[in-house]
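Thanks for coming. Please have a look at the model first.

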Amino acid sequence: MSFLRGIIDSFSSIFTEEHNRCKESQHDPSVSASSSSGSMDGVDGVPVSNERIAYKLKGYFDLAKEEIAKGVRAEEWGLHDDALLHYRNAQRIMSEASSTPSPSYISSSEKEKVRSYREKISKWQNQVSERLQALAKRTGVGMSENKRTVPLPSSASVSSTASNRRVSSQKTSLPKGGIGMARSPKDATANPKPAKETGNGYDDKLVEMINTTIVDRSPSVKWDDVAGLDGAKQALLEMVILPTKRRDLFTGLRRPARGLLLFGPPGNGKTMLAKAVASESQATFFNVSASSLTSKWVGEAEKLVKTLFQVAISRQPSVIFMDEIDSIMSTRSTNENEASRRLKSEFLIQFDGVTSNPDDLVIVIGATNKPQELDDAVLRRLVKRIYVPLPDSNVRKLLFKTKLKSQPHSLSGGDIDKIVRETEGYSGSDLQALCEEAAMMPIRELGANILTIQANKVRPLRYDDFRRSMGVIRASLSKSKWEELERWNSEFGSN
Ligand SMILES: Nc1ncnc2c1ncn2[C@@H]1O[C@H](COP(=O)(O)OP(=O)(O)OP(=O)(O)O)[C@@H](O)[C@H]1O
Ligand SMILES: [Mg+2]
């Protein structure tokens, strides 16, 4: 991995020079005056106003720097596709920067800054081209291929986010040996499996397994599919969706909490909500189940957790979703097995690692219907705890209306109100089952005709179908369980 060290060092030296220069320019009144006034003009070949060109180039420079940092990091982790993607994005940003013309008249101090940015950008372009060539050779991907590139932000967004991005990219971008936690020779000897592992001591197979089976690429649930749960949606919007879309706004005091717990009775939309987050946010979504952690990789679970967090950091913004988190992170007991204890400890260490770096955006979301069984140390880290309750009458009504949309029925508004009243205590999944059962009633009446009847001749659903189905599909949660969760919510919940 010495080639990586080389590129990290050469990028780092440019970053460092730039960092010092930026610091100086913060004290330069001409730069701050130009950066604080008005909007940015001039995109794609349209001349920008006199004193803005250096500022605009700096915006491109910061964006490119961020992409390069991500590329270097991805390369470190053996995620070559991701590295290619980030380097290509950087290349696009830089070629946009070099094709931005300078205005005919600019002051001599501005001219000097412009010259220095152009020089640095051109140096970077060469470095990135080299990396792309090397990666293309290794992965066999054509250099001209340009899939999955991020859209280049408009000049306005370059200007509005550049200064915030500078701060975050300096830290995340400069690996300076920091990413390679397991890089020391000691680690290498402690783990004698060179053929299987990447240069960082991580098993290629684990990284591959995370990328193929844990990264959720087919989020199927949309935000509006989840009925009600406005409080939970608002919390997820503020904590995950907006910060992943506008990282520049969510810094400092607005820095989102990194740990969130969705808890509540079974079948009321916790998993659904998390899936909706996966499709609505711009984060890489890691869907971790107890089985992927424990059964597939017996004895290697804690190694998987460690690798998982590292991959999540390299692909941030990321969301690590642990469904049924109680089954892996329950209260430590004296007779629990060693593997499970190690798994929990590793999770806590990794979680603290991502929360201690203010520039990492890795959010852990856990879901459980047994919050009282969670390990205290885990619970303490999941600072925001959102209760996902049984649907109230408004949500039940909404759910029925949605479910009945695709089904011919003769229910009046009054009938629906009656069903809503009669299904108090039903969970979202109970209601789904009730509707499915009711929908079968007209079919069961058909007897032998079922094979010949035209689909549009089946009678529509009516109130009586639901009334009879309620005899079969009952509320699945006993009142005592439900009350226990309510009590836990009032003691530990955030809402
Ligand atoms: N708020 C809701 N809006 C729409 N459908 C819902 C809602 N809540 C539950 N459902 C229905 O119930 C099913 C189960 O929901 P989900 O799997 O999200 O529950 P859960 O809270 O994760 O339950 P568990 O604690 O058992 O994992 C969903 O597939 C959906 O059909
Ligand atoms: Mg669930």
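The charged end of Lys 418 lies over the ring of Tyr 463, 4.3 Å from the ring centre. To count as sitting over a ring, NZ of Lys or CZ of Arg must be within 6 Å of the ring centre and within 35 degrees of the ring normal.

A word on the source: this is a predicted model, where local features need pLDDT of at least 70, side-chain atom pairs count only at pLDDT 80 or more, and totals for chains, interfaces and linings use all residues. Residues are numbered from 1 along each chain as its sequence is written, chains are lettered from A and ligands numbered from 1 in the order in which they are written, and side-chain values use heavy atoms, without hydrogens and water.

Now ring against ring. Rings of Phe, Tyr and Trp (for Trp, the six-membered ring) pair if their centres lie within 6.5 Å; planes under 30 degrees apart are stacked, over 60 edge-to-face, and the rest tilted. That gives nine aromatic pairs. One of them is Phe 309 with Phe 347, edge-to-face, at 5.9 Å between centres and 65° between planes. Phe 309 is in helix H12 (residues 301-314) and Phe 347 in helix H13 (residues 338-356), 38 residues apart. Helices here are DSSP runs of H or I, at least four residues, numbered from the N terminus.

Are these two buried or exposed? Phe 309 is buried, at 0% relative accessible area, and Phe 347 is buried at 0% too. Buried means under 20%, exposed over 50%, and partly exposed in between, with a 1.4 Å probe and protein chains only.

Definitions and conventions. Helices (H or I, at least four residues) and strands (E, at least two) are DSSP runs, numbered from the N terminus.
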